[in-house]
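Colleague: I have the file open and want to go through a few spots with you. Can we start?

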Amino acid sequence: MLHSSTQDTLVGLFVAAGIAGLFFLALQVCNLNYFTEQKGYTVTARFENSGGLKVKSPVSAAGVKIGQISDISFDPKTFESVVKMRIYSQYNSIPDDATASVFTAGLLGEQYVSLEPGGSSDYLKEGSNIEITQSAIILEKAIGQFLFKSAEEKK
Amino acid sequence: MLELIQTLGKSTRAGFTKLGRGTYFLLQTLTGILEIVPRPRLLLNQMYSVGVLSCLIISISGLFVGMVLGLQGFYILSDFGAEETLGVMVAASLVRELGPVVSALLFAGRAGSALTAEIGLMKATEQLSGMEMMAVDPIKRIISPRFLAGVISMPLLAALFSAIGILGGQIVGCGLLGVDDGSYWSQMQSKIDFFDDIINGVIKSFVFGFVTTWIALFEGYDTIPTSEGVSRATTRTVVNSAFSILGLDFILTALMFGDD
Amino acid sequence: MSAESRSQNSLVSVRSLSFSRGDNNIFNDVSMDFERGKITAIMGPSGTGKTTLLKLIGGQLQPSQGSITVDGNDVHRLRRTELFNLRKRIGMLFQSGALLTDMNVYDNVAFPLREHTKLPESMIRSLVLMKLQAVGLRGARRLMPNELSGGMARRVALARAIALDPMMIMYDEPFTGQDPISKGVLVHLIKSLNVTLGLTTIIVSHDVSETAAIADYIYVVSGGEVIGEGTPEEIKHSGSEWVQQFMEGSADGPVHFHYPAREMQDDLFSSGKRY
């Protein structure tokens with residue numbers, strides 16, 4: 001048996017190492033931003049079809065992440081997908097006639113919302129609606145249309 | 001035929017009896033934990049033999065598992081041109097599955113078998129009986145501190161395992177295979193969720209620690225007090241712990257990551 | 001001394017005790033008295049449940065019938081805390097010594113004191129050294145149990161058993177597997193502790209000569225029953241053939257040399273079977 005104070009030190013080291021491991025996982029691995037949540041404002045866009053979009057999918061403009069999806073719901077009256085997104089507050093000068101499109105990153109990548117600024121002098125703010133939207137491209141539909149078209153042409 | 005049914009019935013009944021004794025034992029152990037509070041020294045001694053002595057095997061295994069994940073992941077992902085997501089793959093598999101499961105299996109082999117052997121030998125050499133005759137409850141004095149030490153140590157060991165594994169993956173992926181260091185971390189950070197992945201991993205390892213330590217201590221306490229009995233109990237600890245860990249892992253995974 | 005006065009002066013009395021383990025009847029309607037301040041021995045061949053009797057007295061096992069009272073308390077009717085309080089006043093020496101293997105000699109003897117009293121460490125030290133002095137092992141206090149010989153381990157266990165100054169002490173096979181010198185030391189210690197501290201002593205043993213030398217009263221147990229009792233003198237001159245065989249250690253007698261089997265002739269000439 002070790003001398004008890006050496007033993008205490010080792011137990012202390014062990015506990016410290018374990019907690020350090022947990023902190024490492026929390027901060028370095030998952031970038032815990034629940035406590036340091038960035039300030040932002042929420043805007044809404046309606047899509048005919050939001051495809052594989054999920055909560056926390058990124059919102060980007062010109063390829064830069066400027067926010068993330070906070071909620072997706074279905075509107076039973078208009079049969080549209082209502083997507084709420086949170087834009088970080090430092091990006092507060094996006095024209096309110098911006099176009100929101102659902103794109104896919106690469107062929108197999110995840111889907112995201114891309115904002116393309118228009119020319120309006122008013123900016124998006126808390127509670128704004130994005131009027132012009134472009135739905136996700138559903139691969140099966142596109143292929144179906146393509147085949148249908150080429151079949152027509154052959155006739 | 002009749003004999004077969006009889007044997008089957010008998011062993012089923014014996015199994016249930018054992019489960020019942022085990023549950024009673026667990027309840028006694030849990031009540032005993034309250035009495036450790038005024039005597040932290042008992043816990044500290046056990047944290048040493050259960051936790052500190054398992055550190056080395058956990059760290060080294062974590063490093064190698066992470067390095068292997070880095071290699072394997074790189075070869076698969078580079079086929080799709082997605083080497084940048086190596087960090088995600090390494091971290092997700094470690095934090096969700098391999099960290100809790102592999103470290104619990106190692107823990108059962110290292111600390112669990114040692115606990116069973118220790119308690120079993122104490123029983124075989126009449127130390128537990130002797131304590132009872134000295135009006136000291138062996139469950140409170142011997143079992144409860146070991147149980148608490150196991151339950152506390154396991155999540156810490158699993159966190160250590162995952163953290164070292166992720167670093168190991170980084171050494172291989174970024175150091176040897178040329179994945180970009182920045183995308184290794186940033187992809188990981190954007191995809192790994194604190195609650196869904198890390199907290200769930202910690203919950204898993206806590207459950208595994210609870211079950212493994214319980215099995216180890218009960219097998220030791222319930223052993224037939226001969227040298228053969230102790231060696232059998234030690235084997236049973238490792239086997240039963242492994243089964244329980246893997247079975248529970250399936251259930252927990254289905255509960256935690258099922259609806260995503 | 002008459003049985004009447006023995007039972008009046010008894011510290012432990014066992015009344016029509018029966019105990020069985022599975023289908024095995026270990027005790028069948030056994031009654032015994034253990035007098036205050038005396039050495040009472042329970043003798044009998046191995047496997048007759050002598051150790052079981054000590055565990056019954058200590059309340060570690062429940063009898064199927066009958067009662068055991070220790071100092072006026074019915075052991076098996078006590079609540080758990082009361083039973084623990086009673087056990088603090090009973091010392092027990094296990095066959096193997098049952099020392100805690102992860103502590104040295106000093107800490108082993110100090111163990112019951114630390115668990116049950118709030119004495120300052122300096123007083124515990126004096127008490128431990130006194131107890132170790134009594135068994136002649138004050139110099140061995142830093143040794144670990146695995147460094148002790150069998151006889152020394154038992155002496156340490158004895159020091160631990162008397163650490164709380166109990167009213168009685170039970171010895172489970174104290175002489176088994178000891179060399180003659182260790183046996184002599186233990187015989188001397190048991191007797192002197194009994195005389196100097198007035199400890200009521202119960203010895204379970206099958207070592208005839210050592211036990212007979214110090215016991216005040218002997219019960220001979222076999223097959224779950226008391227088959228002979230009395231002072232060592234009375235036992236030596238007992239009319240029972242069985243008791244005579246046990247005390248003399250003869251190979252054949254009422255207890256047969258041969259395990260029950262069919263006739264030798266039949267066995268040898270029956271061919272065709274493996275066993």
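Modeller: Just after H2(C), Gly59(C) takes a positive phi of about 80°. Helices here are DSSP runs of H or I with at least four residues, strands are runs of E with at least two, and both are numbered from the N terminus. The model is predicted, so local features need pLDDT of at least 70 and side-chain atom pairs count only at pLDDT 80 or more, while totals for chains, interfaces and linings use all residues. Residues are numbered from 1 along each chain as its sequence is written, chains are lettered from A and ligands numbered from 1 in the order in which they are written, and side-chain values use heavy atoms, with hydrogens and water left out.

Colleague: And H2(C) itself, mostly covered or mostly open?

Modeller: Mostly covered: H2(C) spans residues 50-57, and six of its eight residues are buried. Buried means under 20% relative accessible area, exposed means over 50%, and partly exposed is in between, with a 1.4 Å probe and protein chains only.

Colleague: Which residues of H2(C) are the buried ones?

Modeller: Lys50(C), Thr52(C), Leu53(C), Leu54(C), Leu56(C) and Ile57(C).

Colleague: Where does Pro45(C) sit?

Modeller: Pro45(C) is in the loop between strand S3 (39-43) and H2 of chain C. Its relative accessible area is 26%, so Pro45(C) counts as partly exposed.

Colleague: What does Pro45(C) touch?

Modeller: Leaving out residues up to four places away in sequence, Pro45(C) touches Lys50(C), Val221(C), Ser222(C), Trp242(C) and Phe246(C). A contact means heavy atoms within 4.5 Å. Lys50(C) is also one of the buried residues of H2(C).

Colleague: Another lysine, then. Is Lys183(C) buried or exposed?

Modeller: Lys183(C) is buried, because its relative accessible area is 19%. Lys183(C) lies in helix H7 (residues 180-197) of chain C. Its contacts, again not counting residues up to four places away in sequence, are Phe175(C), Gln178(C), Asp207(C) and Glu210(C).

Colleague: Switching to chain A. Which way do S2(A) and S3(A) run?

Modeller: Antiparallel: four bridges join S2(A) to S3(A), the latter being residues 64-75. Two strands pair if DSSP finds at least two bridges between them. Ser60(A) has Lys65(A) in S3(A) as its bridge partner. The two strands form a hairpin with two residues between them, and Ala62(A) in the turn has a positive phi of about 55°.

Colleague: What comes with S3(A) and S4(A)?

Modeller: Eight bridges, in the antiparallel sense, with S4(A) at residues 80-88. Ile69(A) stands opposite Met85(A) in S4(A). That hairpin has four residues between the strands, and Phe79(A) takes a positive phi near 55°.

Colleague: And S6(A), what does S2(A) do with that strand, parallel or antiparallel?

Modeller: Parallel, over two bridges; S2(A) is residues 58-61 and S6(A) is residues 111-116. Val59(A) stands opposite Val113(A) in S6(A). S6(A) also pairs with S5(A), residues 99-104, in the antiparallel sense over six bridges. There, Thr104(A) has Gln111(A) in S6(A) as its bridge partner.

Colleague: How many helices and strands in chain B?

Modeller: Eight helices and zero strands. The box around its C-alpha atoms is roughly 65 × 55 × 35 Å along the principal axes. Of the 260 residues of chain B, 50% count as buried.

Colleague: How many residues does each side put into the contact of chain B with chain A?

Modeller: Chain B gives 29 residues and chain A gives 25 residues. The buried area is about 2400 Å², 77% of it from carbon and sulfur atoms; that area is the accessible area (1.4 Å probe) that the two parts lose on being put together, summed over both. Tyr48(B), Leu156(B) and Gln189(B) supply 24% of the area that chain B buries against chain A, more than any other three residues.

Colleague: How many salt bridges across that interface?

Modeller: One by the rule, which asks for a side-chain nitrogen of Lys or Arg within 4 Å of a carboxyl oxygen of Asp or Glu. Arg41(B) forms it with Asp8(A), with the closest N and O atoms 3.1 Å apart.

Colleague: Which helix of chain B gives the most to that side?

Modeller: H5(B), with nine residues.
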